[in-house]
Amino acid sequence: MQTSSPVTQPCLRPLPLQAGTRVKIAYFIMVHHKPEVFKAMFAEIYSQDQFYLIHIDRKAEPEITEEIQLFLVRFPNAYVLESMNIVSGGFSMIQAELDAMEFLLNASREWDYFINLSGEDYPLKSQDIIRKFLTANKGRNYIFYYDQKFHRPDTLQRIQNHFTELTHKISSLIYKRDFMKEVIPYIGGKWFMLTRETCMFMTGNKKVMDFEDYYLHTFLPAESFFQTVFMNTSFKDIIVNDDKRAVIEKAFFKKRSPEGFIESLRSGNHLFIRKINPETDPDILDYIKQTYDLPLGEVDEIERELRSDGFHNN
């Protein structure tokens, strides 16, 4: 493990007077390219009393790694996790997230929520609003989940076959095996907001090791490991089926206009947006800027969940 050292005091946004009563967040951010996009996002989520752990993929270009590390040296509460080679579709992403939870748990007892982000994410709301939301809903976990057999039977081969993660890819040599006994498989997205207590469970409970041993040899476990663990333990009672992320996919606008996407943002209560960059439609960027400090919209979580009948792929 390696940590950054402070050199200069960064420019900080003033915290509201009530901030001492609100939850604190530990952010884990995985980066492998586009350092300018990452730095723009980091500037928006940074505050002096929270915690930030960054993982730079071992495959990243050396100049990108150096640029990000030099940038983070300015921030005394930002850390760099020991670099791993993240293999697409493999367990290495899960391992990095579990390592991040353990690192942050050891770094401080003062944070309440763990939020994972990619280097291309961006907050839709200010830290004041995000922390106010989590304070009002303290004790809940946020992650998308669906019964895999019912909603996505087409993906069951991911967990019914034995896969092996190699240095840069998943091995083509696979074989059938039985799934875990008395366990219902779930699937969902890669992004979540978890309580500190949940992170302690994920890094210190022997039950989780059984799930790790099995999902180590599955395909795309980042979309199913956490969901399956939570929904087959007592944590199923504190999960909200939502990751609070809006998603812009490359093929998105073939189906809907930027205006339609903006309307979906207006009618929802997302906290972050995925795949944001300078090439994003300017109308969407303007809407984000205009509504950044406006209160979060009220959404009936139960009604929203009942309306969800499809798989949220992000």
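Of the 46 residues in the largest nonpolar core, those that touch the most other members are Met 101, Phe 114, Met 202, Phe 225, Phe 226 and Phe 230. A nonpolar core is here a set of buried Ala, Val, Leu, Ile, Met, Phe, Trp, Tyr and Cys residues joined through side-chain atoms within 4.5 Å; buried means under 20% relative accessible area, with a 1.4 Å probe and protein chains only. Two or more residues of this core come from each of β2 (25-31), β3 (51-56), α3 (92-107), β7 (141-147), β10 (186-195), α7, α8 (206-215) and α9 (225-231). Helix α3 gives the most, with 9 residues. Helices (H or I, at least four residues) and strands (E, at least two) are DSSP runs, numbered from the N terminus. A second, separate core of 34 residues includes Phe 38, Ile 64, Ile 115 and Met 193.

The model is predicted, and local features need pLDDT of at least 70, side-chain atom pairs count only at pLDDT 80 or more, and totals for chains, interfaces and linings use all residues. Residues are numbered from 1 along each chain as its sequence is written, and side-chain values use heavy atoms, with hydrogens and water left out.

Contacts (heavy atoms within 4.5 Å) are given without residues up to four places away in sequence. Phe 226 touches Ile 94, Glu 97, Leu 98, Met 101, Ile 143, Phe 192 and Met 202. Cys 199, in helix α7 (residues 196-204), touches Met 101, Leu 105, Trp 111, Phe 114 and Leu 194. Cys 199 counts as buried because its relative accessibility is 0%. Its C-alpha lies 9.9 Å from that of Asp 112, at a sequence separation of 87 residues.

Rings of Phe, Tyr and Trp (its six-membered ring) pair if their centres lie within 6.5 Å; planes under 30 degrees apart count as stacked, over 60 as edge-to-face and the rest as tilted. The count comes to 28 aromatic pairs. Phe 38 and Phe 71 form an edge-to-face pair, 6.1 Å centre to centre with 80° between the planes. This pair links helix α1 (residues 35-45) to helix α2 (residues 62-72) across 33 residues, and both Phe 38 and Phe 71 are buried. Phe 144 and Tyr 146 are stacked, because their centres are 6.3 Å apart and their planes at 10°. Phe 144 is buried at 5% relative accessible area. One aromatic cluster includes Phe 28, Phe 91, Phe 114, Phe 192, Phe 226 and Phe 230.

Terms used
Buried means under 20% relative accessible area, exposed over 50%, partly exposed in between (1.4 Å probe, protein chains only).
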